[in-house]
Amino acid sequence: MPSFILGRILSLVLSLIAASIVIFLVLEVVPGDPAQFMLGLNATPEAADALRKSLGIDGPLLQRYFTWVFGLLHGDFGISYTYKVPVAQLIGDRIWISLPLAIYALALSTLIAFPAGIIAAVRRNSAADVGIMGATQLGVAIPNFWFAMLLVLVFAITLHWFTAGGFPGWQDPFQAMKALTLPAIALALPQASILARVMRSSLLDTLDEDYIRSARAKGLSRGQTLWRHALRNALIPVLTIIGLQFSFLLAGAIIIENVFFLPGLGRLVFQGITSRDLIVVKSVVMLLVFAVILVTFLVDITYAIVDPRLRRVAR
């Protein structure tokens with residue numbers, strides 16, 4: 001197990017280094033000069049040069065990269081060109097919206113997908129199976145931003161059960177969770193559809209194994225065989241999907257956050273792109289990439305705990 005963990009840590013570090021290089025280079029070649037954007041079209045070259053120097057974006061490319069990376073390692077994400085405050089402060093304010101939203105959406109997705117996938121597998125080829133698989137196909141096909149606007153139209157504008165957007169803060173936790181409910185549902189629908197299909201497929205494969213038939217032959221009921229033997233082994237690929245979904249929900253909620261005007265990390269990235277606030281974009285995207293890679297690392301460790309055969313394969 002220690003060698004398995006060390007191998008995964010090495011992979012994590014190399015992935016972070018590669019991601020930092022790609023993010024930095026991609027944003028450096030994006031057209032547009034932040035200094036020129038901030039000063040306007042009538043800015044003189046001298047004023048633009050002075051602003052670039054004050055922002056620290058006038059040095060050699062390699063020097064700027066290492067300055068940015070060393071800052072990240074020390075918790076210094078730089079100063080926002082637009083807001084004139086530390087980027088770490090902006091991230092700290094926004095992450096307490098994006099992180100609960102991702103957890104909320106993942107919880108809804110799991111609560112919907114697990115029963116649906118189990119019922120579809122146990123009642124294979126029945127009307128319930130066909131109905132669930134049809135519903136999941138529809139859930140995968142519907143764009144989440146379109147579904148989000150439909151939720152606003154029905155539950156906010158027509159029924160007035162929820163607000164159409166905005167976030168009241170965490171002073172009142174009930175109102176805060178209420179404001180996150182429609183965005184969480186919009187994010188959870190396609191993820192629940194995918195997870196239910198994976199759950200059904202994995203459970204069907206497990207139910208066809210010889211040890212399941214042996215368990216039934218020894219006198220265990222269908223339900224006992226399902227809960228004691230089949231479900232645990234079927235969860236192994238499902239864990240991977242859940243980890244990837246959490247990463248996606250944390251890093252990929254930019255559209256939903258803009259639909260509901262939520263001041264989260266996704267909206268911060270969008271605003272940073274439109275205002276050419278590259279230090280914000282670089283730092284937030286790097287933080288999200290780190291979250292994705294870290295979740296993948298934790299899933300790998302969990303995977304190895306559940307299935308010891310993976311550790312032997314890794315060696």
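Which residues have the most contacts inside the largest nonpolar core? They are Trp68, Leu187, Leu203, Phe260, Val280, Val284 and Met286.

## Model and confidence

This is a predicted model, where local features need pLDDT of at least 70, side-chain atom pairs count only at pLDDT 80 or more, and totals for chains, interfaces and linings use all residues. Residues are numbered from 1 along each chain as its sequence is written, and side-chain values use heavy atoms, with hydrogens and water left out.

The average pLDDT (the predictor's confidence in each residue, from 0 to 100) is 82 for the protein. A score of at least 70 is reached by 86% of the residues. Among the elements, helix α5 (residues 87-122) has the highest mean pLDDT, 90. Helix α14 (residues 309-314) has the lowest, 54. Where pLDDT is low, the predicted coordinates should not be read in detail.

## Overall fold

The protein has 14 helices and 0 strands. Helices (H or I, at least four residues) and strands (E, at least two) are DSSP runs, numbered from the N terminus. Contacts are heavy atoms within 4.5 Å. Of the contacts between residues at least 6 apart in sequence, 73% join residues at least 24 apart.

The protein has 315 residues, and 40% of them are buried. Buried means under 20% relative accessible area, exposed over 50%, and partly exposed in between (1.4 Å probe, protein chains only). The protein exposes about 16700 Å². Carbon and sulfur atoms supply 69% of that area. Accessible areas come from the Shrake-Rupley method with a 1.4 Å probe; for residues, only the protein chains shown count as cover.

## The nonpolar core

The largest nonpolar core has 73 residues. Such a core is a set of buried Ala, Val, Leu, Ile, Met, Phe, Trp, Tyr and Cys residues joined through side-chain atoms within 4.5 Å. Leu187 is one of its residues with the most contacts. Not counting residues up to four places away in sequence, Leu187 touches Leu101, Ala105, Asn144, Leu249, Ala253 and Ile256.

Met199 lies in helix α8. Its relative accessibility is 0%, so Met199 counts as buried. Beyond its neighbours within four places, Met199 contacts Phe114, Gly117, Ile118, Leu231, Leu235 and Val238. Met199 and Leu231 are 32 residues apart along the chain, with C-alpha atoms separated by 9.4 Å.

Val87 is in helix α5. Val87 also counts as buried, because its relative accessibility is 0%. Beyond its neighbours within four places, Val87 contacts Phe77, Gly78, Ile79, Ser80, Ile279, Val280 and Ser283. The C-alpha atoms of Val87 and Phe77 are 5.5 Å apart, across 10 residues of chain.

The rule asks for a side-chain nitrogen of Lys or Arg within 4 Å of a carboxyl oxygen of Asp or Glu. Asp129 pairs with Arg200, and their closest N and O atoms are 2.8 Å apart. The pair links distant parts of the chain, 71 residues apart: Asp129 is in helix α6 (residues 127-141) and Arg200 in helix α8 (residues 173-207). Both Asp129 and Arg200 are buried.

## A nonpolar surface patch

Phe145, Trp146, Met149, Leu150, Leu153, Val154, Ile157, Leu159, Trp161 and Ile255 make a nonpolar surface patch of about 930 Å². Patches are made of residues with over 30% relative accessible area and no salt bridge: like charges are joined within 9 Å, nonpolar side chains (Val, Leu, Ile, Met, Phe, Trp, Tyr) within 5 Å. Helix α7 (residues 144-158) gives the largest share, 7 residues. Val154 is found in helix α7. Val154 counts as partly exposed because its relative accessibility is 31%.

Most residues other than glycine have a negative phi, and most peptide bonds are trans. Lys84 has a positive phi, near 60°. Lys84 is in the loop between α4 (61-73) and α5, and is exposed, with a relative accessible area of 52%. His160 has a positive phi near 60°. His160 sits in the loop between α7 and α8, and is exposed at 62% relative accessible area.

In helix α12 (residues 265-274), Leu265, Gly266, Arg267, Leu268, Val269 and Gly272 are buried. Arg276 follows α12 and has a positive phi, near 60°.
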